Amino acid sequence: GLAQGFHLDQYPQGHAATEFDRYWELSTTDLSPEKIWESAYSIQHNEGFEPYVVMSAKNVPLYDERFQGYGLNKVSHLATVAAQVSSTF
C-alpha cells in the first residue's frame, strides 16, 4: 500500500503544513540521515496545526495537566509554543 501522513484526509489542517511530500522527496535521495536533518525546513504555524516536534525541554512551556484524553490538547499546547518562540517550527 501507500504511506500517508496521519489523518491528512480527516483533519488536513492538523498536518498539511508539514508538507509530507517535501519530506518524502528528501527521504528518497541518497542523502544520509544527517544530511536530511541538516536540510530541515521551517513550517509556518496555522490554526489547528498538530505537528510532530522535537524540542529541547528548556524551550517548551509547561504542559497544561488538565488536558486528558482526546480533544485538541496538542493543538492548544503547540499554539502556545508557536506564540512564545516564533510562528514557525
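Mentor: Accessible areas come from the Shrake-Rupley method with a 1.4 Å probe, and for residues only the protein chains shown count as cover. Here the accessible surface of the protein comes to about 6,900 Å², of which 55% belongs to carbon and sulfur atoms. The model is predicted, so local features need pLDDT of at least 70 and side-chain atom pairs count only at pLDDT 80 or more, while totals for chains, interfaces and linings use all residues. Residues are numbered from 1 along each chain as its sequence is written, and side-chain values use heavy atoms, with hydrogens and water left out.

Trainee: How many helices and strands does the protein have?

Mentor: Helices (H or I, at least four residues) and strands (E, at least two) are DSSP runs, numbered from the N terminus. The protein has 4 helices and 0 strands, giving the pattern α-α-α-α along the sequence.

Trainee: Is A17 buried or exposed?

Mentor: Buried means under 20% relative accessible area, exposed over 50%, and partly exposed in between (1.4 Å probe, protein chains only). A17 has a relative accessible area of 14% and is therefore buried; this residue is found in the loop between α1 and α2. Of the 89 residues in the protein, 24% are buried. By contrast, F6, in the segment before α1 (12-15), counts as partly exposed because its relative accessibility is 45%.

Trainee: Which residues do A17 and F6 touch?

Mentor: Contact means heavy atoms within 4.5 Å. Leaving aside neighbours within four places in sequence, A17 is in contact with I43, Q44, N46 and F49. The C-alpha atoms of A17 and Q44 are separated by 7.0 Å, although these residues are 27 apart along the chain. With residues up to four places away likewise not counted, F6 touches H15 and Y52. For the protein, 61% of contacts between residues at least 6 apart in sequence join residues at least 24 apart.

Trainee: What lines the second largest pocket?

Mentor: A pocket is an open set of points on a 1 Å grid over the protein atoms alone, where a 1.4 Å probe fits, with protein on both sides within 12 Å along at least five of seven lines; lining residues have an atom within 4 Å of a point. The lining includes L2, H15, F20 and W24. Helix α2 (residues 20-27) supplies the largest share of this lining, 4 residues.
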